[in-house]
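Grab your viewer and work through the exercises below. Try each one yourself before reading the solution.

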2 protein chains.
Amino acid sequence: MAFSEFQPLNDKSLVDYIKATPSLSSKLKDHLDNLTVKEVGDGNLNFVFIVVGSHGSFVIKQALPYIRCIGESWPMTKERAYFEALALREHGRLSPDHVPEVYHFDRTMSLIGMRYLEPPHIILRKGLIAGIEYPLLADHMSDYMARTLFHTSLLYHNTTDHRKAVAEFCGNVELCRLTEQVVFSDPYKVSEYNRWTSPYLDSDAEAVREDNALKLEVAELKSLFCERAQALIHGDLHTGSVMVTPDSTQVIDPEFAFYGPIGFDIGAFLGNLILAFFAQDGHADEQNDRKAYKAWILRIIQNTWNLFHKKFIALWDANKDAGDAYLPAIYNNSELQQLVQDKYIKELLHDTLGFGAAKMIRRIVGVAHVEDFESITDASKRSGCERRALEFAKLILKERRKFQNIEEVVSAVQQIQ
Amino acid sequence: MAFSEFQPLNDKSLVDYIKATPSLSSKLKDHLDNLTVKEVGDGNLNFVFIVVGSHGSFVIKQALPYIRCIGESWPMTKERAYFEALALREHGRLSPDHVPEVYHFDRTMSLIGMRYLEPPHIILRKGLIAGIEYPLLADHMSDYMARTLFHTSLLYHNTTDHRKAVAEFCGNVELCRLTEQVVFSDPYKVSEYNRWTSPYLDSDAEAVREDNALKLEVAELKSLFCERAQALIHGDLHTGSVMVTPDSTQVIDPEFAFYGPIGFDIGAFLGNLILAFFAQDGHADEQNDRKAYKAWILRIIQNTWNLFHKKFIALWDANKDAGDAYLPAIYNNSELQQLVQDKYIKELLHDTLGFGAAKMIRRIVGVAHVEDFESITDASKRSGCERRALEFAKLILKERRKFQNIEEVVSAVQQIQ
Ligand SMILES: Nc1ncnc2c1ncn2[C@@H]1O[C@H](COP(=O)(O)OP(=O)(O)O)[C@@H](O)[C@H]1O
Ligand SMILES: Nc1ncnc2c1ncn2[C@@H]1O[C@H](COP(=O)(O)OP(=O)(O)O)[C@@H](O)[C@H]1O
Ligand SMILES: [Mg+2]
Ligand SMILES: [Mg+2]
Ligand SMILES: [Mg+2]
Ligand SMILES: [Mg+2]
Ligand SMILES: [Mg+2]
């Protein structure tokens, strides 16, 4: 039989695949003539095809056994598609409004069929570069994060279900190792993959590699990442993993999912918003000085955290009897409940800041950069934006435990010149 | 075939089992007449048979699908024998001098055959009650803990091997849940299984259940226990899991083994030594006021921690290139190496104190008590010893982060009246 073993698909063989796959052809109401197929993968790792027919559409994402943007010289298990499908389904169950529906998964082919997020959906990062405001963004992202992270933590799980799920996602170790390398290691050492806006940031990159206090903190974060199975995290929740319209916010691409620290997801999202903030000066022109947009980004950061906090605690309060972490017979008075929740949220803020800062640093001096900065063509201007982002990230990473709330973080952002 | 499905063995059927099992009968050089078989299990969970023949001996440990000391009303997976055998072999490989050799494992029968720790080996707890000094105890236990914990942590493991092993031991969740209940939950709530020296400690037990600050700290420890896969820990390393002679120290009974926080093992051992210390006044008589012995116990506590620290760091220094936690290209100067190690050990001391204190508390107001106190027949005297131990444990659990070294802990023990 065709497709009984793995093969990379192209525009043509994909049509044959669809014809042979009822769960996909039925999505097109079996009108399989005149399909348009377009490979649009702009991400770093995989191939993404948009398939549109006269009676329906979907997206096909296929993982090949290497990293797309580097090539076959950097092998990477195609089993990542399995974990992406698992996570899309689990997070989709918990937050159906913000995760595209999975129509089909084929483990042999490392292939996922899912809802096509049709235009005007665009990648959030591109919207941020274009200076577009999304009025529901903080509300939607806080909702997605609160629901997915709460319900896969021990605040909701019993330890039997938790350890079973943890064990399953231990299988996604190759993707975790990629994060370990590119987020927690490479930026802090000489690595062939590192790059930065040279020569402007040469001494900044060197300073990162020689900052003992910074490396001490990074070690703590890496150990949390490698050892702490707090919840099923997305694992790659930057602004390139979110597609948006003014009404809709959809989280894609959880191939890095595993049971890890909650702050890694929130930090990835907020850290990338802060990168977008620092990039704005590079996008300012005579028509638009981007000042109002910078203020909007800061409001999104503040609202996302504060709404997350509120919703996460509301889920906790509504599910006091669920989960093995805090048994109601022990945490049995409101003063104690308050103490416990305050402590949880405070630690989560500190983790979030730490991971967020680490994610910022790696985008400036590590292998994979972000379009927010890359699209600033003037290297001198770009490096200025990057340097301010880097200074802020280093400060936050080292001093994160001094911050009591998100407002203090936002004012620290504003103080960087 | 006989024994092709699980059956609880008795003195008689055990002999048939041995005859049918070459790896066991060969240990007796096939001299199977006149075997003496004696069930000696004094532990809480399992059945242990000593088998002695004219040409050899061994111990057979069998897990039944419930908790021995409670009975069939408290079911417990017999698969724990599988994890005990795994851990005995892994820890035995890493610390062969201090773990009995496994001769045979039968998963169907939940049965382990291992070296018989012949007399004069006795359970350390009994030695501590009898007031016997073991000159090599601190040296041996620090060696066992440093080797087993270092080599199964990310200081030695790469993350691929680590996550694979973590996933495997996630299967031992039922035993983890037993710990969660009896160590981190029951003592802090009303539970049918709790008991204490009543009426003397009635208000002390109530105070534990109403101490918000204590419960806040216990939640943090429980979360570490449930979420942090730091190393393959023994999981039940009290003084009843150690057999000793003046020359030999052997760690048995790792059926609770899983990837958890290192401080849980060290804390279990040191916490139980502190219980032994506080029990001494109950064992004093005209011949022996136990003052010298109390000082010896404190020296063992101090030496065990300090030797552990020294050996753990020596292993780290000798294996700088191993393990994914601290890459030598990043942690590349001696000042940073020092910072990193000091931070690691300081946090480990605080974890150790927290878990040690929690293990003490549960032995005084929880379901399973220790012979150190139980053997003090005068209830008034017993409760006095227990109260001092409880006061110390509560103090340490709440204030553990203030302690910089083990000497400060030892002097805090001495200050409890
Ligand atoms: N469900 C979808 N609907 C529409 N476009 C999508 C969808 N999934 C992915 N894309 C497009 O494909 C790109 C790459 O997808 P992504 O899942 O991020 O792949 P990678 O893992 O390679 O980063 C996205 O940036 C987006 O433009
Ligand atoms: N290898 C051994 N050699 C000698 N005695 C042993 C051995 N293993 C266990 N025992 C004896 O059996 C008792 C119970 O064993 P243990 O492994 O602690 O079982 P449990 O899991 O029920 O606590 C020990 O306290 C000790 O007296
Ligand atoms: Mg992507
Ligand atoms: Mg769930
Ligand atoms: Mg991806
Ligand atoms: Mg035992
Ligand atoms: Mg046992």
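Here come the exercises, after a short note on conventions. This is a predicted model, where local features need pLDDT of at least 70, side-chain atom pairs count only at pLDDT 80 or more, and totals for chains, interfaces and linings use all residues. Residues are numbered from 1 along each chain as its sequence is written, chains are lettered from A and ligands numbered from 1 in the order in which they are written, and side-chain values use heavy atoms, with hydrogens and water left out.

**Exercise 1. Describe the shell around ligand 1 and say where ligand 1 lies relative to the domains of chain A.**

Step 1: list the neighbours. There are 18 residues around ligand 1, and those that come nearest are A:D42, A:N46, A:K61, A:D253 and A:E255 (near means a heavy atom within 4 Å).

Step 2: sort them by class. You get ten nonpolar, three polar and five charged residues. Here Ala, Val, Leu, Ile, Met, Phe, Trp, Tyr, Cys and Pro count as nonpolar, Asp, Glu, Lys and Arg as charged, and the others, Gly among them, as polar.

Step 3: look for backbone partners. Polar backbone atoms of A:R115 and A:L117 each sit 2.9 Å from a nitrogen atom of ligand 1. A backbone N or O atom of A:L45 is 3.1 Å from a ligand 1 oxygen. On its own, ligand 1 has 550 Å² of accessible area, and the protein covers 93% of it (Shrake-Rupley method, 1.4 Å probe).

Step 4: Domain 1 (11-114) and domain 2 (122-415) of chain A both give residues to the shell, so ligand 1 lies between them. Those bounds come from an automatic or database domain assignment.

**Exercise 2. Work out how domain 1 and domain 2 of chain A meet.**

Step 1: start with the centres. Taken over C-alpha atoms, they are 27 Å apart. The contact (heavy atoms within 4.5 Å) takes 26 residues from domain 1 and 31 residues from domain 2.

Step 2: get the area. About 2400 Å² is buried between the two domains, with carbon and sulfur atoms giving 65%; buried area is the accessible area (1.4 Å probe) that two parts lose on being put together, summed over both. On the domain 1 side, A:F83, A:H91 and A:H98 supply 29% of the buried area, more than any other three residues.

Step 3: count the polar links. There are eleven residue pairs in polar contact, both at pLDDT 80 or more. A polar contact is a pair of N or O atoms within 3.5 Å; within protein, one must be able to donate a hydrogen and the other to accept it, and residues adjacent in sequence count only if both atoms are side-chain atoms. The salt bridge count is two (a side-chain nitrogen of Lys or Arg within 4 Å of a carboxyl oxygen of Asp or Glu). A:D253 and A:K61 form a salt bridge, with the closest N and O atoms 2.6 Å apart. A:K61 and A:D253 also turned up among the residues nearest to ligand 1.

**Exercise 3. Characterise the interface of chain B and chain A.**

Step 1: count contacts. 46 residues of chain B touch 46 residues of chain A.

Step 2: get the area. The two chains bury about 4000 Å², 54% of it from carbon and sulfur atoms. In chain B, B:R163, B:L216 and B:E227 lose the most, together 20% of what that side buries.

Step 3: One pairs A:D324 with B:R177, at 2.8 Å between the closest N and O atoms.
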